[in-house]
Amino acid sequence: MFKVIQRCVGPASLSLLTFRVYAAPKKDSTHKNYMKVDELSLYSVPEGQSKYVEEPRTQLEENISQLRHHCEPYTSWCQEIYSQTKPKVDRFVQWGLDNYEYLQNAPPGFFPRLGVIGFAGFIGLLFARGSKIKKLVYPPFFMGLGASIYYPQQAIAFAQVSGEKLYDWGLRGYIIVEDLWKEHIQKF
């Protein structure tokens, strides 16, 4: 094995060496045999004018052209949907990466708080046995209660905004019911 490596490395290492070569013309040679660049066959320009001739289309090319023509509305629709969906997907991926980064460098005490809030939601599911409305109301209520213990400032801000929205929705609902009631009374 050593002989094979030695034979392969020897010529390869010689190819990396650099040499300077100095060439001098012979004293008895004449310099009359120089050629011009135009005389070389490599650089010669063909005589005459070339002309582009388009070949007739084959049946396969015609069929592919018709298929492309028929599929064009669908491909443009797909491109439009893709251009509308791609920014949303990119934002979602960035949101996921940001959350992953946050969870990798979470502040101290974050995971125990998260566990308590999740456990409160599970307790809400246990209390909500039997009723579908209870299953929709109890877990978020218990989770909100658990979150408000750890994050009171955010809970107050959320309650203020939610209270205003609930009041607004209730007022709208009252107006709609009142209008329906008036229409129902006028019919009789």
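## Lining of the largest pocket

The lining of the largest pocket divides into seven nonpolar residues, two polar ones and no charged ones (Asp, Glu, Lys and Arg count as charged, Gly as polar). This is a predicted model, in which local features need pLDDT of at least 70 and side-chain atom pairs pLDDT 80 or more, while totals for chains, interfaces and linings use all residues. Residues are numbered from 1 along each chain, and side-chain values use heavy atoms, without hydrogens or water.

You will find Pro140, Phe141, Gly144, Leu145, Ala147, Ser148, Ala155, Phe158 and Ala159 along this pocket (an open set of 1 Å grid points where a 1.4 Å probe fits, with protein on both sides within 12 Å along at least five of seven lines; lining atoms lie within 4 Å of a point). Its volume is about 170 Å³, the space filled by probe spheres set on the points.

## The helices around it

Two helices, α4 (132-150) and α5 (152-187), each give at least two residues to the lining. The largest share, six residues, belongs to α4.

The 19 residues of α4 should span 27 Å at 1.5 Å a residue, and because its end C-alpha atoms are 29 Å apart, the two values agree (the expected span takes one less than the number of residues). At the start of α4, a side-chain oxygen of serine 131 comes to within 3.4 Å of the backbone nitrogen of isoleucine 133.

## The chain as a whole

Now for the wider view. The protein chain holds five helices and zero strands (DSSP runs of at least four and at least two residues), in the order α-α-α-α-α from the N terminus. Of its 188 residues, 4% are buried, meaning under 20% relative accessible area with a 1.4 Å probe.

Methods. Polar contact = N/O pair within 3.5 Å; in protein donor to acceptor, adjacent residues only side chain to side chain. Buried < 20%, exposed > 50% of the residue type's maximum accessible area, 1.4 Å probe, protein only.
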